[in-house]
Amino acid sequence: MAPLLQLEHVFDAQQGFVRPLIEGRLAIPNIVSVGVKSRRGDLVEIQAIVVPSTSINKDPFIVEIFINKKESVVEKKISEISCTCPGGACKSHCCKHAMAVIIHLERLDESEIDTLTCTETDQVWGQLKDGALSKFEAAPLDTFCHLPRVGPVYQREVQPVTDELATEFETVSLKMLENSQAAKCARRQRQPAPAPTPPSQRRLEFFNHVIQNEHVLVKRVQELSNNLLNKCTPAQQQYYRESVMVTKKEALSIFLDSTGQNNAVWDAARYGRVTGSICYELFTYYRNKNPDWNKKINAIFGPHFSNSNMEAGNFYEPYALKKYLVEENKTCLECIDSMQVGIVINPLLPWLGFSADAIIFKNREMFKLWENKTPVKGNTINALQICQHLSYIDRSTGLLKKKGEYYGQIQLGMVLLNLPACDFSIYCSGVAGKPSEPKSDVESIHTETIVLDQSFCLNLLETLCHVYFEKILPWHVERND
């Protein structure tokens, strides 16, 4: 027989996040038992008992993993994951207890996994709580009078293996097993890895501008952050220092590696931080008189989802940016161009993050922030007409409403990136049906310039600071316990 899971299934379960993999490996000694709870055809249900790492006297967590033995697609091998810990577990976010069980299963042959009875879980945990063996001290076997003395395994001295003998053994072994992976690897000529492409000077200058010339509101909210952090529990302060805070070097690495905003680095950097897409939702919910913060935060940081608006926006964003630059250069005597960037995390406020759609330059100088929306209705009507159909646009003025998520997103971006204005565009492709390349004579774009609103930003940032340190940070610590 063979293990139920392979190494590739472990990497798939981590979903691009390093923390569950590291903590899961450390939690393997906390596994009390692992067994097969049921078999239904090719579907095997594994149940495991895992003791909490910080409170070993509390009830254990029950981890259940459903594995399809005949499934060859890596992403579908594990069909379901669950855990009774406060953070829970699922396919999108695997907790450390479930990850520990998955790593343990990869190391076990299927024949080594026992089948559980209906009462075995209670019996195993009951034996652990009994504590009868704690009354006795361990003693080596050779102290018992009825056991024979064990002599040395070797009756003669074993000579050390010389380098020549080791080389000869390796050569003979590879020759005898010429079809093994080791032999194939030895015959293959390894090519040196290509040197990484150095970041552009413009990208580095932009990052240094953001970090070194931070907005005055950033410094003001930093003081509030420090005061609220001092009121947190020691466990929360430790989590913040180890998992949230970043150095300037780390922030630069995340910024460069997340360019494109569609990889694991970008997903990991956004998770658990207050970003532009969720800031206004948290800002308004803080005033809720009957809030359920646990439910709210679980919904925000839960499994990713997509809809037709998001898919259209991702597909048409390059076309929207190209159309915007063409229209701007028609009316501006100076050269307008753009740069796409990754997520920016300021070490002064590491619990915040912002991913701009693009940064606009005028004559090679930083000029504005650019944010774009591509509504689905834009495939049948043009950009001027669509403003009458969008809930976030004031129909009487044709301007972006100040009480809305996009206004809050834009204002947060201008503060964190230290830019004085933002061009907010609404792009209409004019292409009905499945997203496809638009025609230049059909597509249209409407752009509105929004300036920094100091009073709104101060209220927004101070409220978000309370939300993070009073609600989100405690949720993180409880989930990782």
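## Aromatic pairs

The count comes to 22 aromatic pairs, where rings of Phe, Tyr and Trp (its six-membered ring) pair if their centres lie within 6.5 Å; planes under 30 degrees apart are stacked, over 60 edge-to-face and the rest tilted. Tyr285 and Trp293 have ring centres 4.9 Å apart and planes at 85°, so this pair is edge-to-face. Both residues are buried (under 20% relative accessible area, 1.4 Å probe, protein chains only).

The rings of Tyr406 and Phe424 are tilted, because their planes stand at 35°, with centres 6.3 Å apart. Tyr406 belongs to helix α17 (residues 405-417) and Phe424 to strand β12 (residues 421-428), so the pair ties together parts 18 residues apart in sequence. Helices (H or I, at least four residues) and strands (E, at least two) are DSSP runs, numbered from the N terminus. Tyr406 is buried at 17% relative accessibility, and Phe424 is buried at 2%. Elsewhere, ring pairs link Tyr240, Trp351, Tyr468 and Phe469 into a cluster.

## Charges over rings

Arg202 lies over the face of Phe361, 4.0 Å from the ring centre. Likewise, the charged end of Arg270 sits over the ring of Trp266, 4.3 Å from its centre. The rule asks for NZ of Lys or CZ of Arg within 6 Å of the ring centre and within 35 degrees of the ring normal.

## About the model

This is a predicted model: local features need pLDDT of at least 70, side-chain atom pairs count only at pLDDT 80 or more, and totals for chains, interfaces and linings use all residues. Residues are numbered from 1 along each chain as its sequence is written, and side-chain values use heavy atoms, leaving out hydrogens and water. The mean pLDDT (the predictor's confidence in each residue, from 0 to 100) of the protein chain is 86, and 88% of its residues reach 70 or more.

Definitions and conventions. Buried < 20%, exposed > 50% of the residue type's maximum accessible area, 1.4 Å probe, protein only.
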